[in-house]
Amino acid sequence: MSKGAGARTRARELMVQALYQKQIAGHSTSELVAQYSEDPAYERVDQAFFDELFPAISDAQDHIEKKVDDLIDRPLEQLDPIELSILLIGVHELETRLDI
């Protein structure tokens, strides 16, 4: 799949959905990777980007949440799952993806 900006944006959107599902339904990282790799939307995303970042973010979620909690001006519990998912992705990318 193309590594263009559009494909990366779609990969991030898919990550938000997967992280949301993890928070709401409690699925494991491996369950979500298997599920989303079978999703038709996966065909339109930067798959290498998704495959690298989603498991890293999902497995380190508690660690990243602590960093987010230190940076925001309200309790972490007041964030809705979508807001938290976006922040998890953003913090992880800022820390680990200097190419972005």
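Where in the chain is confidence lowest, and where is it highest? I looked up pLDDT, the predictor's confidence in each residue from 0 to 100, and found it lowest in H1, at a mean of 95, and highest in H3, at 97. For the chain the mean pLDDT is 93, and 96% of the residues reach 70 or more.

I note that this is a predicted model, in which local features need pLDDT of at least 70 and side-chain atom pairs count only at pLDDT 80 or more, while totals for chains, interfaces and linings use all residues. Residues are numbered from 1 along each chain as its sequence is written, and side-chain values use heavy atoms, with hydrogens and water left out.

Next I turned to helix H2, residues 29-37, where helices are DSSP runs (H or I, at least four residues) numbered from the N terminus. Its buried residues (under 20% relative accessible area, 1.4 Å probe, protein chains only; exposed is over 50%, partly exposed in between) are Thr29, Leu32 and Tyr36.

I then looked up salt bridges, each a side-chain nitrogen of Lys or Arg within 4 Å of a carboxyl oxygen of Asp or Glu, and the count comes to 6. Glu93 pairs with Arg12, their closest N and O atoms being 2.7 Å apart. Glu93 lies in helix H5 (residues 81-96) and Arg12 in helix H1, so the pair ties together parts that are 81 residues apart in sequence. Glu93 is buried at 8% relative accessibility, whereas Arg12 is partly exposed at 23%.

Last, I found Arg97 in a salt bridge with Asp99, at 2.9 Å between the closest N and O atoms, and salt bridges that share partners join Glu52, Arg97 and Asp99 into one network.

Terms used
Helices (H or I, at least four residues) and strands (E, at least two) are DSSP runs, numbered from the N terminus.
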